[in-house]
There are 2 protein chains.
Amino acid sequence: MSETYPMQPVGVVRSAFREKFGIPRQPGLVPAAEAVIELLPPANQPEAVRGLEGFSHLWVVFVFHACPAGEWHATVRPPRLGGNERVGVFASRSPFRPNRIGLSLVKLEGVDIRPGGVSLRVSGADLLDGTPVLDLKPYLPYVEALPGARGGFAPAAPESRLAVRFSAAAEAVLAARPDLPRLRELIGQLLALDPRPATCREEDRLFGFRLHDVDVRWRVAGGEAIVEELCTAQ
Amino acid sequence: MSETYPMQPVGVVRSAFREKFGIPRQPGLVPAAEAVIELLPPANQPEAVRGLEGFSHLWVVFVFHACPAGEWHATVRPPRLGGNERVGVFASRSPFRPNRIGLSLVKLEGVDIRPGGVSLRVSGADLLDGTPVLDLKPYLPYVEALPGARGGFAPAAPESRLAVRFSAAAEAVLAARPDLPRLRELIGQLLALDPRPATCREEDRLFGFRLHDVDVRWRVAGGEAIVEELCTAQ
């Protein structure tokens, strides 16, 4: 029997993503996906991030906390393969994995130090709101930037991109929410990636996900994503 | 209080490195540093690595098990800064960190499947023998290769490289150990990086570390690393 290692969060993510559906499948694909990582005690010390601002990118090691512990299988069906071909869990970045550990490369936008608290502003994030962060590390380009590496079944960024259109009703809600200035851009970048499940891509079917306190209702028709409604969640 | 997440190893590292001293400070710097990752039950299933051979590089998420749990400070003194300048622990890759989680990018040399066991042969490893592995993930160049990223205090590979010379006695031991065919190359690549502690770099001082079952005794003189003795450990 091997030892068990207890891990305690050093931080927590605050992001627009309130559910798994809609979250980009890799970081960096949606620059408008901003998030804040709040450090938790005893790690929330300004000294703990000294010098971090010299790095443009940051590794976030986190727990896929919305996936129940222990729910993993030896193979998974990645969306990149259309959802019907199986690869090994260790050949995938699926959240359903033995230790539920996630690894995301995000852009560091700023380090905020306030009395009693340290937080990091990042972008290009694919992190659910409330995600427990186990570690933060600087990205080392001289070691970790290997453009010639072979990327298996995911050699390049996903190609299918949709045009995105907002209905008049949706535009009216956006105009009434100056407190969410980047919501339009975020929705546009998310839907352009076509977040529909690989196995369920009918035209005109209505989909929805929540960003901040807003339910985004959209469908795809004629190769275009249409944002039908934006409803403030009750 | 935040939740604690118990993590169980999915594998264990078998490598030449029997102590921390001498291990390259980043992966990839020493191509001859080969290691084997043996999967552990319940993860040691051939299905769990299906498709992994399509990727040239692999992330290893592991525990710095030789660093006692809880022994971390908000700042560390990275060797890259000469060992006397402090940076935040989250701006460093130091093993002395809150959750002792390490992250290494290694080259995947092969996947070995035998009855009852799965193991991965990797190179460019900076992993201590016996390291518990928490997760394995494919490297995704389209997301993770960012050659333009800003690398803070470690923007490029370390420059100081030593020439390496073997004494006649050391050559005789190498000749008598055909079971370790890459030991000479490994020692050469390790010493070229000058593994002396930043704060303790006198010429002619004798240093030693163990690789496999061999104690390597060496010193630096006149800008050259000299392997004086290779002793089979008792």
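This is a predicted model: local features need pLDDT of at least 70, side-chain atom pairs count only at pLDDT 80 or more; totals for chains, interfaces and linings use all residues.
Some ground rules. Local features need pLDDT of at least 70 and side-chain atom pairs count only at pLDDT 80 or more, while totals for chains, interfaces and linings use all residues. Residues are numbered from 1 along each chain as its sequence is written, and chains are lettered from A and ligands numbered from 1 in the order in which they are written.

Chain A first. Chain A has three helices and 13 strands. Helices (H or I, at least four residues) and strands (E, at least two) are DSSP runs, numbered from the N terminus. What about the radius of gyration? For 234 residues, a compact globule would come out near 17 Å; chain A has 19 Å, which agrees. That radius is taken over C-alpha atoms, and the globule rule is 2.2 Å times the number of residues to the power 0.38.

Next, burial. Of the 234 residues in chain A, 41% are buried. Buried means 20 or more other C-beta atoms within 10 Å of the residue's own; exposed means 12 or fewer, and partly exposed is in between, with C-beta atoms placed from the backbone. Now contacts: two residues touch if their C-beta atoms, placed from the backbone, lie within 7 Å. Take the contacts in chain A with a separation of 6 or more: 72% of them join residues 24 or more positions apart.

Look at helix α3 of chain A, residues 183-192. Which of its residues are buried? They are L186(A), I187(A), L190(A) and L191(A). These four sit on the same side of α3(A), because they cover an arc of only 120 degrees around the axis. The arc is that of the directions from the helix axis to the C-beta atoms. What do the buried residues of α3(A) pack against? Four strands of chain A: β10 (163-166), β11 (207-211), β12 (214-221) and β13 (224-232). After α3(A) comes D194(A), with a positive phi near 55 degrees.

Now the pairing of those strands. Strands pair if DSSP finds at least two bridges between them. β10(A) and β13(A) run parallel, joined by four bridges. One bridge there links A163(A) to E224(A). β12(A) and β13(A) are antiparallel, with eight bridges. D215(A) has C231(A) as its bridge partner in β13(A). The hairpin of β12(A) and β13(A) has two residues between the strands, and G222(A) takes a positive phi near 55 degrees.

On to the contact between chains. Chain B gives 67 residues and chain A gives 67 residues. On the side of chain B, β9(B) has the largest share, six residues. That side divides into 42 nonpolar, 15 polar and ten charged residues. Nonpolar here means Ala, Val, Leu, Ile, Met, Phe, Trp, Tyr, Cys and Pro; charged means Asp, Glu, Lys and Arg; the others, Gly among them, are polar. Strand β1 of chain A, residues 5-7, pairs with β1(B) in the antiparallel sense over three bridges. M7(A) is bridged to Y5(B).

Last stop: G102(B), in strand β7 of chain B. Buried or exposed? G102(B) is buried, with 26 other C-beta atoms within 10 Å. Leaving aside neighbours within four places in sequence, G102(B) is in contact with F62(B), F64(B) and P95(B). P41(B) is 61 residues from G102(B) in sequence and 21 Å away, C-alpha to C-alpha.
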